[in-house]
Amino acid sequence: MTAQTAGPAGRPNIVLIMTDQQRADFTRAAGFPLDTMPFLDSLGERGVRFERAYTPMPICAPARISLFTGRYPHAHRVRQNSAIGHAVYARDLVDLLREAGYVAGLAGKNHSHLDPAALDFAATYMHTGRSGPTGPQPSEAEAAYDAWLTDLGQRRGSFSREPTPFPLECQLPHRIVRDALAWIDTLTGGEGQAGAPAAPFFLWLSFPEPHNPYQVPEPYFSLFPEETVPERAAGPEVLAGMGGPLGEKWRWERRMIETAYPGYDDHWRRYRANYCAMMRLVDDQLRRFVAHLEARGLLDDTLLLFTADHGDYAADYGLQRKGVGLPECLVRIPFTVCGPGVRPQPANRSDHVSLVDVLPTLCDALGLETPYGVQGRSLWPRLSGGEDHGDAFGSAYVELGYGGMHYGEDERPPLHFAYGGPRFDELNAVTQSGTVKLVRRGRWKLTMDMLGNGQLFDVEADPAELHNRFHDPALSAERAALTEALLRWTIRTEDDLPLAGYVPKRAARNWYPAADPPPAR
């Protein structure tokens with residue numbers, strides 16, 4: 001079976017499953033000691049799990065817009081969450097699927113340029129409960145839980161050291177799956193009815209978890225006792241030795257959190273245990289969702305793609321959430337695909353893939369023309385066992401920052417929240433100042449900012465990225481090769497929009513060939 005021949009109208013249903021702030025290395029399939037997402041791991045065994053998948057920017061809205069447009073943030077112009085209304089693109093994934101005859105729905109967190117009112121179905125949620133006028137309104141118990149969650153997020157550190165005093169059914173993942181399944185049932189003739197919908201459906205199943213507020217009810221709260229939580233890669237003590245503008249901003253961010261919640265890092269094991277438990281809660285709801293598709297006879301005709309927008313420090317460096325820099329814990333994300341046309345394969349540990357690759361991959365799978373302006377690469381031949389892609393996925397490229405100069409460790413520019421208060425936003429004018437770009441290839445990772453400050457890490461030998469070897473003479477050749485790769489990415493992702501009198505020649509599947517070798521002497 002191929003993707004083009006499955007399901008209604010000859011095309012598969014598509015479910016894009018997204019979590020928020022889920023780092024890639026916290027599942028047993030990825031080598032983590034705790035079994036946080038066994039069902040997701042099983043989906044990877046049915047299809048393809050990419051171990052080197054990257055966000056184009058470790059911030060919610062820019063990453064999500066990149067997924068739906070196939071464009072890097074510097075091209076779609078949204079480099080901070082507050083700039084959602086300024087996205088630049090020709091047509092996005094929802095446009096293309098609806099033109100191809102799909103009905104489109106969203107259940108969960110949006111935080112992108114998409115207009116829920118323009119979809120065929122939308123039940124939207126944010127981190128503290130229901131958001132927007134569409135979808136079912138919360139019950140009395142759900143409303144009480146949402147109020148509790150809001151208070152936890154705004155006044156109590158966004159982290160609970162006790163089990164959540166509301167049942168599982170009030171949790172957002174449970175409600176999101178409920179709403180999604182209710183919509184799917186309307187497409188197949190009603191609850192309890194099996195059969196194909198009249199038109200293929202696209203569903204964005206978007207969980208706000210494991211993003212803060214970090215909380216779970218029993219039995220999840222006790223699932224991973226604190227003493228079983230693995231040691232972190234590095235604690236707050238390493239921040240004092242981090243040099244350059246990024247080191248200054250890391251220390252600024254830690255001071256901001258410590259001022260709001262003194263002693264917060266004393267409870268890092270509980271925080272990390274909550275994070276892992278939230279992942280298991282999501283996993284159980286994912287299992288519930290897929291089981292419903294199977295019971296309705298839809299699973300064999302549905303392409304499932306699971307990913308996240310970015311990662312989480314999860315107490316590494318004594319930090320919470322996200323913010324400064326491009327460490328692996330923030331930029332590497334889960335990425336699993338299974339369903340019609342996807343050939344089950346061992347975990348892919350070599351190809352470097354990105355959220356920007358989702359749109360061209362689905363276009364390729366469905367036989368749709370990829371719009372101009374798309375910068376991602378099609379993964380479909382890799383998923384389906386087709387032609388070899390050469391070095392098209394030999395490296396990954398990531399961006400961070402909204403421009404201007406870096407703010408320093410002791411500066412206090414105007415922020416969108418009060419200094420010293422109980423509420424803070426780790427994404428702010430200081431932590432996101434300047435511009436940094438990254439290229440990852442093999443075991444090596446290079447970052448460069450707009451002032452020429454460089455970092456070079458051997459991620460395999462130094463997973464916490466504590467030893468910057470940018471100026472190591474023994475690595476001059478590697479540094480030069482990675483700098484060239486970063487330059488190529490920067491040139492390659494120059495925008496070809498808007499289209500005018502000249503029509504660009506495009507590389508097939510956006511696979512750019514390697515540079516010609518130097519002439520023989």
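Q: Let's start with glutamate 426. Where is the place of this residue?
A: Keep in mind that this is a predicted model. Glutamate 426 has its place in the loop between β10 (396-403) and β11 (434-441).

Q: Okay, so is glutamate 426 buried or exposed?
A: You read that from relative accessible area, where buried means under 20%. Glutamate 426 comes out at 4%, so this residue counts as buried.

Q: What does the side chain of glutamate 426 make a polar contact with?
A: Its partner is the side chain of lysine 322, at 2.8 Å. Setting aside neighbours within four places in sequence, glutamate 426 is in contact with several residues, including Gln21, Glu253, Met256 and Thr431.

Q: Can we try another loop? Where does valine 459 lie?
A: Look between β13 (454-458) and α12 (476-492). Valine 459 has a relative accessible area of 11%, so that one is buried too. Not counting residues up to four places away in sequence, valine 459 touches Glu328, Arg440, Arg443 and Lys445.

Q: Now helices. How are two packed helices described?
A: You give the angle between their axes and the distance between the axes. Here, the axes of α5 (residues 140-155) and α6 (residues 172-187) come within 12 Å and cross at roughly 135 degrees. That angle is why α5 is called oblique to α6. The crossing of α5 past α6 is left-handed.

Q: Which residues meet there?
A: From α5 you have Glu142, Tyr145, Asp146 and Leu149, and from α6 there are Leu172, Arg175 and Arg178. Sorted by type, the residues of this contact are 3 nonpolar, no polar and 4 charged.

Key: Residues numbered from 1 in each chain as written. Predicted model: local features only at pLDDT ≥ 70, side-chain atom pairs only at ≥ 80, totals over all residues. Heavy atoms only, no water. Axes fitted to C-alpha atoms, helices over the stretch in contact; angles between N-to-C directions. Helix = DSSP H or I, 4+ residues; strand = E, 2+ residues; numbered from the N terminus. Parallel < 35°, antiparallel > 145°, perpendicular 65-115°, else oblique. Left-handed = near helix turned anticlockwise from the far one by under 90°. Contact = heavy atoms within 4.5 Å. Nonpolar A, V, L, I, M, F, W, Y, C, P; charged D, E, K, R; others polar. Buried < 20%, exposed > 50% of the residue type's maximum accessible area, 1.4 Å probe, protein only. Polar contact = N/O pair within 3.5 Å; in protein donor to acceptor, adjacent residues only side chain to side chain.
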